[in-house]
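Dear colleague,

Please find below the structure that I am passing on to you, together with its sequence. My findings follow directly after it.

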Amino acid sequence: SSVLEIKDLHVSVETEQGAKQILRGVDLTIKQGETHAIMGPNGSGKSTLAYAIAGHPRYEVTSGSILLDGEEVTEMGVDERAQAGLFLAMQYPVEIPGVTNANFLRTAKTAIDGEAPAIRGWMKEVKTAMDNLRMDESFASRNVNEGFSGGEKKRNEILQLELLTPKFAVLDETDSGLDVDALKIVSEGVNRAKDNTGLGLMLITHYTRILRYIKPDFVHVFVNGRIAEQGGPELADRLEEEGYDRFLVDA
Ligand code: ADP
Ligand code: MG
Ligand code: MG
């Protein structure tokens, strides 16, 4: 089984005023099959961690490392990261004009596996996954995320997650903007991916709501670019009651 190790990670972001240090020494190890919730106040650096793992060009790893089974992820291109088994769902999913959802999924699957999936079995898999996520079949022939509502984009992310069967997934605020019914459908999809493929999950969320449906094994609280506290699911319960105030006293 695989392991994703983040070691003393420092990351800066490119801004108009120059580079700004955001992550200041993050240590985190996720094994396949584990779910880690990354929580914390707005601006604490949660998305920065996601972008650094994804290889977003504006985010520079200034020191430390991200290792997937001992291999340095920060030296991989974005496509290589996907081939190595990483799945990154961003807070603001991109639209891809001129590329249908079905073609995108097949191309991504082919790139990741190194060979095209057999067409019949694949079509069936896509249809089943879309049915499970209560997505109308018309979404297969629509351009990726183009004109999708916020909730539809989130479902589409989970569709990708279920079909591309990565080793590790980073989901950034997948719960934001979802009503309860959509949250349940999306969470069921994530739980299927966990059950079926032993997915290792980094679930980034400001709110505890999604953790009622996707149970974390570990909870880490980000404050000011570092992990300020970690624990088990009970830490999320405490945050639900108390909020983040006690972490911000001398911030
Ligand atoms: P979170 O996801 O926890 O809300 P972020 O990682 O988005 O936090 O942001 C952490 C800090 O980095 C914030 O102060 C934010 O303003 C800053 N930051 C992130 N991205 C950029 C950017 N592209 N330009 C300027 N500042 C940024
Ligand atoms: Mg935020
Ligand atoms: Mg964020």
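Helix 1 makes the greatest contribution to the shell around ligand 1, supplying three residues. Please note that this is a predicted model. In total, 13 residues surround ligand 1, and the closest of them are Thr15, Gly43, Lys46, Ser47 and Thr48. Two or more residues of this shell come from each of strand 1 (3-15), strand 2 (18-31) and helix 1 (46-54).

Which residues of helix 4 are buried? They are Val126, Ala129 and Met130. Because these residues cover an arc of only 100 degrees around the axis, they lie on the same side of helix 4. In general, an α-helix has 3.6 residues a turn, so residues three or four places apart point the same way. The buried residues of helix 4 pack against helix 3 (101-113), helix 5 (138-141) and helix 6 (150-164).

The face of helix 4 turned away from the buried side carries exposed residues, namely Arg120, Gly121, Lys124, Thr128 and Asp131. Just after helix 4, arginine 134 adopts a positive phi of about 50 degrees.

With kind regards

Technical notes. Residues are numbered from 1 along each chain as its sequence is written. Chains are lettered from A and ligands numbered from 1 in the order in which they are written. This is a predicted model: local features need pLDDT of at least 70, side-chain atom pairs count only at pLDDT 80 or more; totals for chains, interfaces and linings use all residues. A residue is near a molecule or strand if its C-beta atom, placed from the backbone, lies within 6 Å of it. Helices (H or I, at least four residues) and strands (E, at least two) are DSSP runs, numbered from the N terminus. A residue is buried if 20 or more other C-beta atoms lie within 10 Å of its own, exposed if 12 or fewer, and partly exposed in between; C-beta atoms are placed from the backbone. The arc is that of the directions from the helix axis to the C-beta atoms. Two residues are in contact if their C-beta atoms, placed from the backbone, lie within 7 Å.
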